[in-house]
Amino acid sequence: MDKFINNHWVMKAIALLMAFMLYMSVNIENTSPQQRENVTAPPFSGSADVETVTDVPVEAIYDRESYVVSGVPQSVAVTLEGPTASVKPAALQRDFEVFADLSGLEVGTHQVPLQYRNLSDRLTVVIEPGVATVTIHERITMDFPVDVDFINRDQMEEGYQAEQPIVRPNIVKVTGSRELIENIALVKARVDLKDANESIEQQSRVTVYDMEGNPLNVEVDPAVVEVSVPITSPNKNVPLRINRKGSLQENLSITKVEANPTEVTVYGPKGILDDLEFIDNIDIDLTKITESTTIEVDVPLPDGVKRVVPEKIKINVEVEKEEQKTFTNVPIKEIGLPDDMEIEFLDPESGLMDLTVLGAPGILENLNSDDMEMYINVTDLNAGEHDVPLEINGPQNVSWDLPRRNVKIRLIETNE
């Protein structure tokens, strides 16, 4: 016996036999590399089990550059039956695959068996459903413009409105079956305008619709676009009033102060716009003007106003050398004289006064005494003598010089 064991040829044979048995025991549980349809495993002895794996995804194998397919189920149920040692790991790990091999099939409808791979030969495998009715379509790509679909437009803040939207890019590529592409009616991006009170910048998913308004299952590139929607508030055109601060240098006179534009568009709540008649806090400093010039200034934003358009204006200021023109014996008028009183001028007694007007030659040339008004305001004065300031009304862009600033009068009660 020892001689038998010590025989090296015997030992080599035993080692070879054991290696073969080990190989068989390992590979008997290995998964099959073959692609198979529903099959029944050969009878087996020992502990048996049955497991159903649901929601197993189905892969379609076909030329995706040339075709589009429909009818392939998204998922199936796979029932596994066999030795517990094979069923349990397969059901838990879910590392097997179910697929529909469409390679080599032409455009049209086909009955295609669903197959599996990466499962042990010792398992009985049942796929439900086991056959899919698959239609293969020609794949095409076309360009379509993107429209914007506003939702909740009637729920914008009061007085606000949406202007023409801007889409970037405004053309997208849509890919699908020829039948679907030829049935496309609309390609839209949606924007919700609920409570909108300012311009909107957002990303929006592109949806493709057929003639009946149903969304189509097609590929869109890009699938998301940038949408800009200008939102405008209530607005009103209002004029501008230019305020002159300071005085021109001696011997200069203004011939024209003109804003360009003469009015601006103001945006804001309706209640504020209703009360806004003009914008008047625009100043020019006359002390800095030595010749005709154009000044650019910011338009101030009135309280409560959101914006003005334009934000800047230009003011054209024209000046000339100053001259003077004197009107003699201009009557002094009175305002505010009660019905039960009469007025008597004491100084000057005539109630007349000379008035010297200073301005540019072009303005003085067309000016006459009727364009100038001298008056005193006697409102609320009692009977008796009074020194009253003399006031002047006249055209814009002229100044005046008086021999005196006050006049002396007497108010006399009348007995009516």
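## Strands and the overall fold

A strand here is a DSSP run of E of at least two residues, numbered from the N terminus, and by that definition T356 is found in strand 27, which covers residues 352-359. The model is a predicted one, and its protein chain holds six helices and 32 strands.

Of the 416 residues of the protein chain, 34% count as buried, and the chain exposes about 25,300 Å², of which carbon and sulfur atoms supply 47%. When contacts between residues at least 6 apart in sequence are considered, 72% of them join residues that are at least 24 apart.

Helix 3 spans residues 84-93, and its buried residues are S86, V87, A90 and A91. Seen down the axis of helix 3, these buried residues fall within an arc of 110°, and they therefore line one face of the helix. The cover over the buried residues of helix 3 includes strand 1 (48-61) and strand 3 (75-83).

The face of helix 3 that is turned away from the buried side carries the exposed residues A85, L92 and Q93. Helix 3 is followed by R94, a residue whose phi is positive, near 50°.

## Salt bridges

The structure holds 16 salt bridges. One of them joins the side chains of R168 and E201, with an N to O distance of 3.5 Å, and this pair links distant parts of the chain, since R168 belongs to strand 11 (residues 166-168) and E201 to strand 14 (residues 200-210), 33 residues apart. R168 counts as partly exposed because its relative accessibility is 41%, whereas E201, with a relative accessible area of 59%, is exposed.

K270 counts as exposed at 55% relative accessibility, while D274 is partly exposed, with a relative accessible area of 45%.

In a further salt bridge, the side chains of D298 and K312 meet at 2.4 Å, N to O. This pair also links distant parts of the chain, with D298 in strand 22 (residues 293-298) and K312 in strand 24 (residues 312-321), 14 residues apart. K312 counts as partly exposed, its relative accessibility being 44%. Elsewhere, salt bridges that share partners join E344, E385, K408 and R410 into one network.

The side chains of T175 and T141 are joined by a polar contact of 2.7 Å. With its neighbours within four places in sequence left aside, T175 is in contact with R139, I140 and T141, and also with I181, V218 and E219.

T356, the residue in strand 27 with which this report began, is likewise buried, with a relative accessible area of 17%. Its side chain makes a polar contact with the side chain of T326, at 3.1 Å. If neighbours within four places in sequence are again left out, the contacts of T356 are Q324, K325 and T326, together with S399, W400 and D401.

With a relative accessible area of 45%, N170 is partly exposed, a class that lies between the cut-offs of 20% and 50%.

Not counting residues up to four places away in sequence, N170 touches F144, P145 and V146. The C-alpha atoms of N170 and E226 are separated by 9.0 Å, although the two residues stand 56 residues apart along the chain.

Methods:
Residues are numbered from 1 along each chain as its sequence is written. This is a predicted model: local features need pLDDT of at least 70, side-chain atom pairs count only at pLDDT 80 or more; totals for chains, interfaces and linings use all residues. Side-chain values use heavy atoms; hydrogens and water are left out. Helices (H or I, at least four residues) and strands (E, at least two) are DSSP runs, numbered from the N terminus. Buried means under 20% relative accessible area, exposed over 50%, partly exposed in between (1.4 Å probe, protein chains only). Contact means heavy atoms within 4.5 Å. Accessible areas come from the Shrake-Rupley method with a 1.4 Å probe; for residues, only the protein chains shown count as cover. The arc is that of the directions from the helix axis to the C-beta atoms. A salt bridge is a side-chain nitrogen of Lys or Arg within 4 Å of a carboxyl oxygen of Asp or Glu. A polar contact is a pair of N or O atoms within 3.5 Å; within protein, one must be able to donate a hydrogen and the other to accept it, and residues adjacent in sequence count only if both atoms are side-chain atoms.
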